[in-house]
Amino acid sequence: MNRVTLMGNLTADPEIRHTPAGKAVCEFTIAVNERWTTEAGEKKERAAFIGCACWGARGEAFAKWHRKGKAALVEGKLRQDEWEKDGKKQRKTYVEVTDWHFCGIGGGEAKPDAPRQQPKPSAPKPAPAQPEGEIGIAHV
């Protein structure tokens, strides 16, 4: 099973790019904090910075509603891209986001081109027709 759920804050504004075929992909990094207390009572904290990619209309919606510092909950699967550069194999592991949710109020107001208030929760909307291999619904 390959399933990932993360809740954290965006480290920068999401970036939208398009494949040569015209398909949108939204890329962003989410910071996930972990806090604990040692047996000696010392408070500890560390952050993990996780790269994410969200495809199609879900990615475009994510970029519209999120910006640096904004809290988000994302679900998806781990992916690993491999390529060769200068004769050396390169790898990048990231989360391919299949679903995302609004979460908290981190990061202040929405982007200037987006509505200033988040929509009220409603029943999930059916996902638009998607290419084979993509699943999930963005709750927007």
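This is a predicted model: local features need pLDDT of at least 70, side-chain atom pairs count only at pLDDT 80 or more; totals for chains, interfaces and linings use all residues.
## Lys-44 and its partner

Lys-44 counts as partly exposed, at 34% relative accessibility. Here buried means under 20% relative accessible area, exposed means over 50%, and partly exposed lies in between (1.4 Å probe, protein chains only). The side chain of Lys-44 meets that of Glu-42 in a salt bridge, at 3.8 Å from N to O. A salt bridge is a side-chain nitrogen of Lys or Arg within 4 Å of a carboxyl oxygen of Asp or Glu. Glu-42 is also partly exposed, with a relative accessible area of 45%.

Side chains of opposite charge can pair when their charged atoms come close.

Residues are numbered from 1 along each chain as its sequence is written, and side-chain values use heavy atoms, with hydrogens and water left out.

The term pLDDT stands for the predictor's confidence in each residue, from 0 to 100. Its mean over the protein is 82, and 74% of the residues reach 70 or more. Over residues 106-140, however, the pLDDT is below 50; beyond near neighbours in sequence, this stretch has 61 contacts in the model. A contact means heavy atoms within 4.5 Å.

## The overall plan

Let's step back to the whole chain. The protein has one helix and six strands, and along the sequence they follow the pattern β-β-β-β-α-β-β. Helices (H or I, at least four residues) and strands (E, at least two) are DSSP runs, numbered from the N terminus.

Of the 140 residues, 30% count as buried. Among the contacts with a separation of 6 or more, 61% come from residues 24 or more positions apart.

## A mostly covered helix

How many residues of helix 1 are buried? Seven of the ten are, and this helix, residues 56-65, is mostly covered. The buried ones are Gly-56, Arg-58, Gly-59, Ala-61, Phe-62, Ala-63 and Trp-65. They pack against strand 1 (4-10), strand 2, strand 3, strand 4, strand 5 (71-85) and strand 6 (88-102).

The structure holds eight salt bridges. In one of them, the side chains of Arg-17 and Glu-27 meet at 3.4 Å, N to O. Arg-17 lies in strand 2 (residues 15-18) and Glu-27 in strand 3 (residues 24-37), so this pair ties together parts that are ten residues apart in sequence. Arg-17 is partly exposed at 39% relative accessibility, and Glu-27 is partly exposed with a relative accessible area of 28%.

Another salt bridge joins the side chains of Glu-34 and Arg-46, at 3.0 Å from N to O. Because Glu-34 lies in strand 3 and Arg-46 in strand 4 (residues 43-55), the pair ties together parts that are twelve residues apart in sequence. Glu-34 is partly exposed, at 37%, and so is Arg-46, at 47%. Elsewhere, Lys-77, Arg-79 and Glu-96 are linked in a network of salt bridges.

Arg-3 sits in the segment before strand 1. Which residues does Arg-3 contact, leaving aside its neighbours within four places in sequence? They are Glu-75, Gly-76 and Thr-98. The C-alpha atoms of Arg-3 and Leu-78 are separated by 7.1 Å, although these residues are 75 residues apart along the chain.
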